[in-house]
Amino acid sequence: MGLVVSLATLAQEKVETTIGGDVVSSYIWRGQDLGDVSLQPTLGIGYKGLSLTAWGSVGLSDPSDTKEFDLTLGYTIGGLNIGITDYWFNSGLDPENRYFKYDAHVTNHVFEANVGYDFGFANLQWFTNFAGNDGINKDGKRAYSSYVELSVPFKLATVDWTAMAGAVPFSTDFYGADGFAVTNLALKATKEIKVSESFSIPVFGQVIANPNSQKAYLVIGFTLQP
């Protein structure tokens with residue numbers, strides 16, 4: 001028993017590294033269409049519940065698609081998770097697209113805080129923009145744009161599924177909402193395609209509807225990881 005505990009403690013103290021990337025037929029984010037065929041790499045490190053993750057997106061089929069680079073600092077303890085994300089887009093208030101420009105009225109960065117809880121049978125997350133190039137509400141003031149999402153994983157016919165429902169609680173042009181609005185209803189299926197005895201590729205398909213914008217999407221993609 002003592003040996004098992006010691007090995008478990010040692011494993012928890014190791015720094016974990018995440019390297020991977022998705023290729024998707026369309027970049028749909030929280031019910032919004034942000035681009036066509038895209039490559040979305042991920043690089044992250046984690047230690048005892050604390051993580052720092054870099055994520056990006058670049059269009060492969062349309063050079064004019066928005067390029068994105070995000071940094072997320074997160075902490076997880078049990079089912080609870082909190083985090084702060086710095087989103088950067090190469091379009092926005094700064095016409096020169098400078099990454100290191102953080103001034104309130106010219107930056108292309110958006111800063112978001114999130115808190116959530118994974119109940120096992122369901123995952124509930126709340127996100128709020130607190131600084132940067134946020135949207136405005138109906139009164140023309142900073143909206144502190146927020147988004148809440150509930151996701152429920154389940155397994156059906158040897159395939160991993162996730163049902164998702166997301167909504168914007170308050171008025172903001174960041175999400176194109178005049179008030180409370182359901183912006184993301186999605187059903188995602190993921191299955192690993194075995195290439196060889198030691199290598200497989202997770203392939204996923206997703207049906208997404210945005211009742212607020214009256215649009216729907218079908219996305220397919222695959223994940224590359226060591």
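Modeller: Let us begin with pairing: two strands pair if DSSP finds at least two bridges between them. Please bear in mind that this is a predicted model. Strand E5 (residues 50–59) and strand E6 (residues 68–77) run antiparallel and are joined by eight bridges. Within this pair, Ala-54 stands opposite Leu-71 in E6.

Colleague: How many bridges join E6 to strand E7?

Modeller: Ten bridges link E6 with strand E7 (residues 80–89), again in the antiparallel sense. Here Leu-73 faces Ile-84 in E7 as its opposite residue. The hairpin of E6 and E7 has two residues between the strands, and Gly-78 takes a positive phi near 65° there.

Colleague: In what order do the strands close into a barrel?

Modeller: Twelve strands close the barrel, with antiparallel pairing, in the order E1-E4-E5-E6-E7-E8-E9-E10-E11-E12-E13-E14. On average, neighbouring strands of this sheet are turned by 20° against each other, direction ignored.

Colleague: Which residues belong to the largest nonpolar core?

Modeller: A nonpolar core joins buried residues through side-chain atoms within 4.5 Å. The largest one has twelve residues, among them Tyr-27, Trp-29, Tyr-87, Phe-89 and Phe-174. Strand E2 (27–29) and E7 each supply at least two residues of this core. A second, separate core of eight residues includes Ile-28, Phe-204, Ile-208 and Tyr-217.

Colleague: Which residues does Trp-29 touch, not counting residues up to four places away in sequence?

Modeller: With that exclusion, Trp-29 touches Leu-34, Tyr-87, Phe-174 and Tyr-175.

Methods
Residues are numbered from 1 along each chain as its sequence is written. This is a predicted model: local features need pLDDT of at least 70, side-chain atom pairs count only at pLDDT 80 or more; totals for chains, interfaces and linings use all residues. Side-chain values use heavy atoms; hydrogens and water are left out. Helices (H or I, at least four residues) and strands (E, at least two) are DSSP runs, numbered from the N terminus. Axes are lines fitted to C-alpha atoms, for helices over the stretch in contact, and angles run from 0 to 180 degrees between N-to-C directions. Buried means under 20% relative accessible area, exposed over 50%, partly exposed in between (1.4 Å probe, protein chains only). Contact means heavy atoms within 4.5 Å.
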